[in-house]
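Please open the model in your viewer and keep the selection panel at hand. The stops below go from one selection to the next.

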Amino acid sequence: MLFTKMHGLGNDFIIVYGEKDLPINAAELAVKWCNRFFGIGADGLVYILPSDKADFKMRIMNSDGSEAEQCGNAIRCVARYVYDHGYADGNEVVIETLGAGVQKVNLKMDGNQVRSVRVDMGEPILEGLKVPTTLDHNPVVNHPIEVDGRQFSFTAVSMGNPHCVIYVDDAVHFDLSVWGPKLEVHPFFPKKINVEIATVKARDYVDMRVWERGVGPTLACGTGACATLVASVLSGKTDRAAVISLKGGDLFIEWDKADNHVYMTGPAEMVYEGEIPIELRAAGIQ
């Protein structure tokens, strides 16, 4: 089975095309293949599947075997993959996601080369119970949360998957390895949570670091960047368009007032292509 290794700002994926449906052992395969020492190595395993609602369907398995409802960096990679391999007509691709419905993706071209990818990420979900959190507030903004005796304040946003955004003085040097896993499983979050740690540097620029649910610290998170922009607008900290600077690079995020949709623009890059030995593919599939 052929695969392609791709990344969006260092948030990397194993892309598989050609399956008719998600394999029954996709969780097991994700754990095996995403292992950076004994497998290919990635933050997630992404299947590009047929869709009766869109051009393609995207299913994402995290490196721990759990399934993600949506991933902003992955959807950019999927759009570029189908364009580069000749499966898409033109530079607009419509992709079905598990948690965020059908989304339109536009490829920004420089001649025949993809320069960047712009995704209509849809409307943010702000009702606390729908994010989901256990809080019946709409929206959940700057709500106190305590972990191991330390107090934080978070804003809850769903971009098809759940996020809590926390502001600190220095996001770049914040100890994610200590607080990320504890915040992820806090009782406020019945389906766990993606944790964004942010520092607003200007009305149009935010430093952000991320602890991804089911993965851990990653170099970038597209839905997390979108959630951070929305949270920053709700908190009065930024304008409705800003650069969100992640460890792997920058994303440009816009929250359009007219249609209430969030738009994300950023890169998607191929690393290499390879083939998974048939004995590894067969193990557990049959």
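Begin by selecting Arg-36 and Asp-12, which form a salt bridge (a side-chain nitrogen of Lys or Arg within 4 Å of a carboxyl oxygen of Asp or Glu), with their closest N and O atoms 2.8 Å apart. Arg-36 sits in the loop between helix H1 (26-34) and strand S3 (44-49), and Asp-12 in strand S2 (residues 11-17), so the pair ties together parts 24 residues apart in sequence; helices (H or I, at least four residues) and strands (E, at least two) are DSSP runs numbered from the N terminus. This is a predicted model, in which local features need pLDDT of at least 70 and side-chain atom pairs count only at pLDDT 80 or more, while totals for chains, interfaces and linings use all residues. Residues are numbered from 1 along each chain as its sequence is written, and side-chain values use heavy atoms, with hydrogens and water left out.

Colour by accessibility next, where buried means under 20% relative accessible area, exposed over 50%, and partly exposed in between (1.4 Å probe, protein chains only). Asp-12 is buried at 8%, whereas Arg-36 is partly exposed at 47%.

Move on to Lys-182 and Asp-148, another salt bridge, whose closest N and O atoms are 2.6 Å apart. Lys-182 belongs to helix H3 and Asp-148 to the loop between strand S9 (143-147) and strand S10 (150-158), so parts 34 residues apart in sequence are tied together.

Finally, select Leu-176, which is also found in helix H3 (residues 176-184) and is buried, at 12% relative accessibility.
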